[in-house]
Amino acid sequence: MANAIDILEYLPNSYKTRDEQDYINFLWESFESNYNNAKYPFAFIAYHMLYMSFVYFEVWQIKENRKTDFEKAMVGLSNDMENDFINAVTPFAFVKSNEAPFFKFFKLLGCDNSKIGTYKKSVDDRNNSSHSNGKILFNDKNIIDRKIDDVLRAVDDIQNHSKPIIEECLAKFLIENHDPDKRQYYDDLDQIREILIHGNYLSQKDIEHLLTFDITILSKRKNYEAMKSLFETFVENYKTT
């Protein structure tokens, strides 16, 4: 189980509400307790729910930063579900969609059908293990460890595909929030924490990537020095070494 905790680095660094934080904590504690007590099928279900939470947060970043593409990708959904997704104020609103088809949103990250099929394999595993079919599946430490490795490989691959999205997210933030007199919080760090980190549900992995952002791509924009100063505040306060 040593590497199972790695999934938390791909989940948000902080949450908008206490309920969201408590939910993720509950899932992790449920996984950990069941795993440590050799209740591996239930441990897998909890871990799968952490995985789906990650998926919802990733699609949320697409929704918030590529709204036009996101709306076009909802072809086939009911009108009610389209409206629910467009007006959603939390990524957990996506739970209204069936899990397997939901992965198709990752086509907006350039993922092909083969990759998407790999990503949603955990859904099939969860379905097979959670029905009252008289069988106990994944009731072996070696099996669940392999399943965890499979999930983490999928998570890391999705994360790599999402890098352009979070770069766009940071660029947009710097462009729109460099002026303390025209934003929600005067203090740079407060604005970064509440609008960039909370607002986009950035994970530790997202933040680590954004620390390498090439700020010079904005150098021809008006107020570049103010943007650069805001970015430097972000780097100084979120660097890990």
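Is Asp188 buried, exposed or partly exposed? I looked it up in this predicted model and found Asp188 partly exposed, at a relative accessible area of 21%.

**Entry: the partner of Asp188.** I followed the side chain of Asp188 to Arg183, where the two form a salt bridge with an N to O distance of 2.5 Å. Arg183 has a relative accessible area of 11%, so I noted this residue as buried. I also noted a network of salt bridges with shared partners, made up of Asp190, Arg193 and Glu194.

**Entry: Gln191.** I placed Gln191 in helix H10, which covers residues 188-198. Its relative accessible area is 0%, so I put Gln191 down as buried. The side chain of Gln191 has a polar contact of 2.8 Å with the side chain of Gln184. Beyond four places in sequence, I listed contacts of Gln191 that include Phe173, Asn177, Arg183 and Tyr185.

**Entry: other salt bridges.** I searched the whole structure and got twelve salt bridges. One of them joins the side chains of Asp157 and Lys115, at 2.9 Å from N to O. This pair links distant parts of the chain, as Asp157 lies in helix H8 (residues 141-161) and Lys115 in helix H6 (residues 113-119), 42 residues apart. I read 22% relative accessible area for Asp157, which is partly exposed, and 29% for Lys115, also partly exposed.

**Entry: a pair within helix H8.** I found Arg153 in a salt bridge with Asp150, with 2.4 Å between the closest N and O atoms. The two are three residues apart in helix H8, so about one helical turn separates them. Arg153 counts as exposed at 52% relative accessibility, while Asp150 counts as partly exposed at 38%.

Technical notes: Residues are numbered from 1 along each chain as its sequence is written. This is a predicted model: local features need pLDDT of at least 70, side-chain atom pairs count only at pLDDT 80 or more; totals for chains, interfaces and linings use all residues. Side-chain values use heavy atoms; hydrogens and water are left out. Helices (H or I, at least four residues) and strands (E, at least two) are DSSP runs, numbered from the N terminus. Buried means under 20% relative accessible area, exposed over 50%, partly exposed in between (1.4 Å probe, protein chains only). A polar contact is a pair of N or O atoms within 3.5 Å; within protein, one must be able to donate a hydrogen and the other to accept it, and residues adjacent in sequence count only if both atoms are side-chain atoms. Contact means heavy atoms within 4.5 Å. A salt bridge is a side-chain nitrogen of Lys or Arg within 4 Å of a carboxyl oxygen of Asp or Glu.
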